[in-house]
Amino acid sequence: MQLPEITKLDDHIIQVKIAMSYPLRWVNSYLIGGTTGWTIVDPGPRNPENELAWEQVLQELDIPWSALESIVLTHHHPDHAGLSGWFQERTGIPVWISKVAWSEFLRSWGAGNTASADLVEMFGNNGMPQDITDLLPAHLDSFLPQVTPPPVPSFILPGQSVMMGGRSWQTIETSGHAAGHVSLYDPQHKLMLCGDAVLPQISPNISLVPESDPKPLASYLEGLRQLGSYEVEQALPGHRRPFGGFRERTIKLLEHHEERLNAMLGRLEEQPRTGYDICMSIFSSKLTLHQLRFAMSETLAHLVELEQTGRAIAIERDSIIYYESAKR
């Protein structure tokens, strides 16, 4: 097995690319070291290959398992949180996560959860054909091995300072991509560990999820404005490469979502449409089921925003929700 790509960003921070599924291909994990030991931020999804990858990485860097002191999770998604329970079982170290993100973890994968059935119902009510929704439960269940075992969490409080690598990092809790998402800011070195809240080149997925944030796009835009107010020289994202121009990137993402809202509104001005209709007209029709799930949830997040800001109206016909322009 090939050693994952390892990049030393400075004397205390190491970027490790941990493999995940197409199209993103890897998630950025960060090893942050200091005099007391090492913290891993977002260890990646669990599978045998990634377990071996971490063993090789620690051996290559001459970091003993006993030198690991904590895991910090920016959010609950499998590609970020999945290996945290495995690390904890092996080392006994604490796993830090926000209370909101942990609630999302349990809602998605906890015992007796109804997340799969709730998503199928929401997609069906918004026009997705049954031959597609029938595939979703097995697809969603396929992520369970990536997050098993779950960690025993310790909670990061909003605004709390976290010590990593001998540095004090401020926690910034936002929503939109994932409720309870935590970014970490080092004001001394002007570094922002931004997880999936801000990404270079690509736009983070913003999803409407049953029983979660009812206005995810509004929450995300608010979080972008908040994050953009920080003075950042280098941003360390969950995907792609570390980048500069952080504030400018937040502005670009704000503009992107306004453009997408306007594009959807233009289609609603032509005629009433379901969320699935809009999704198919905005995104590629050659999406995998995994990509379609994200595209559909993102479409609904934008349609809900149009409705909540008075630009669109939701109408139910024969148990199916249609959206139309408020100008019609």
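User: Which residues of α9 are buried?

Analyst: This is a predicted model. In α9 the buried residues are Phe 246, Arg 249, Thr 250, Leu 253, His 257, Arg 260, Leu 261, Met 264, Leu 265 and Leu 268.

User: What should α9 span, at 1.5 Å a residue?

Analyst: Helix α9 runs over residues 246–270, which is 25 residues, so it should span 36 Å. Its end C-alpha atoms lie 37 Å apart, and that agrees.

User: Now α5. Which of its residues are buried?

Analyst: Helix α5 covers residues 115–125, and its buried residues are Ala 115, Ser 116, Leu 119, Met 122 and Phe 123.

User: Why do they line one face of the helix?

Analyst: Because, seen down the axis of α5, the buried residues fall within an arc of 130°. An α-helix has 3.6 residues a turn, so residues three or four places apart point the same way.

User: What covers them?

Analyst: The cover on the buried residues of α5 includes α4 (99–109), α6 (130–133), α7 (136–141) and α11 (289–308).

User: How does the lining split by class?

Analyst: The lining of the second largest pocket has 7 nonpolar, 2 polar and 3 charged residues.

Methods:
Residues are numbered from 1 along each chain as its sequence is written. This is a predicted model: local features need pLDDT of at least 70, side-chain atom pairs count only at pLDDT 80 or more; totals for chains, interfaces and linings use all residues. Side-chain values use heavy atoms; hydrogens and water are left out. Ala, Val, Leu, Ile, Met, Phe, Trp, Tyr, Cys and Pro count as nonpolar, Asp, Glu, Lys and Arg as charged, and the others, Gly among them, as polar. Helices (H or I, at least four residues) and strands (E, at least two) are DSSP runs, numbered from the N terminus. The expected span of a helix is 1.5 Å times one less than its number of residues. Buried means under 20% relative accessible area, exposed over 50%, partly exposed in between (1.4 Å probe, protein chains only). The arc is that of the directions from the helix axis to the C-beta atoms. Contact means heavy atoms within 4.5 Å.
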